[in-house]
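Hello, and welcome to my notebook. Here is what I looked up, entry by entry.

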Amino acid sequence: MRKDREELLRDIWEAQDEAYDLMYEYDSLPHRYGDNTLYQSEAHVIDLIGENPEITVTEIAAILKKTASACSQIVRKLRAKGWVEQSRNEENNRVFNLRLTAAGEQVYKSHVAFNLRCQLATFRLLDTFTEEELENHLSVQRRLNEAYQDDVDKSRKQDGTEK
């Protein structure tokens, strides 16, 4: 029996809620990358520094859409683990540039390899779908993302944190 449109839309809503819950749980758990354990927020920062040596905390915050303070805390943890080092920018003495240490490079490479394995496993799960079905899903997801962005914008406007 074919579902009516409203029922199908509610199923999509529920699937999105479930996906969010799973992603939130995944992000809250520590993960092993090679011989190292770190949280997703730390892995994102490691990746950004690995991809952009000499990046600053302010630039990381802008890319991740987080506060500079939150990113500074993550960088402090990564420095304490010996994975990141910072040096004063020669042109602007108030700015610190970040780079990975040799140990940080290993963590970065392990995380990149892990991500690639996850992508390949996910792509294998999606092998049964046609390109047209995948394109349709992408169109729907992008429209849902517009709705989520609108909700974020309205909330920021309401609480005065509008960017």
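Predicted model: local features only at pLDDT ≥ 70, side-chain atom pairs only at ≥ 80, totals over all residues.

Residues are numbered from 1 along each chain as its sequence is written, and side-chain values use heavy atoms, without hydrogens and water.

Entry on the helix pair. Helix 3 (residues 57-64) packs against helix 4 (residues 68-80) at about 115°, with axes 8 Å apart. I saw Val 57, Ile 60, Ala 61 and Leu 64 of helix 3 meeting Ala 68, Cys 71, Ser 72 and Val 75 of helix 4 (contact means heavy atoms within 4.5 Å). By class, this contact has 7 nonpolar residues, 1 polar and no charged ones.

Entry on salt bridges. I counted 6, taking a Lys or Arg side-chain nitrogen within 4 Å of an Asp or Glu carboxyl oxygen. One of them joins Lys 81 to Glu 42, N to O 3.3 Å. Lys 81 lies in the loop between helix 4 and strand 3 (84-88) and Glu 42 in helix 2 (residues 40-51), so the pair ties together parts 39 residues apart in sequence. Glu 42 is buried at 5% relative accessible area, while Lys 81 is partly exposed at 40% (buried is under 20%, exposed over 50%, partly exposed in between, with a 1.4 Å probe and protein chains only).

Last entry. I also found Glu 54, Glu 85 and Arg 99 linked in a salt-bridge network.

Technical notes: Axes fitted to C-alpha atoms, helices over the stretch in contact; angles between N-to-C directions. Helix = DSSP H or I, 4+ residues; strand = E, 2+ residues; numbered from the N terminus. Nonpolar A, V, L, I, M, F, W, Y, C, P; charged D, E, K, R; others polar.
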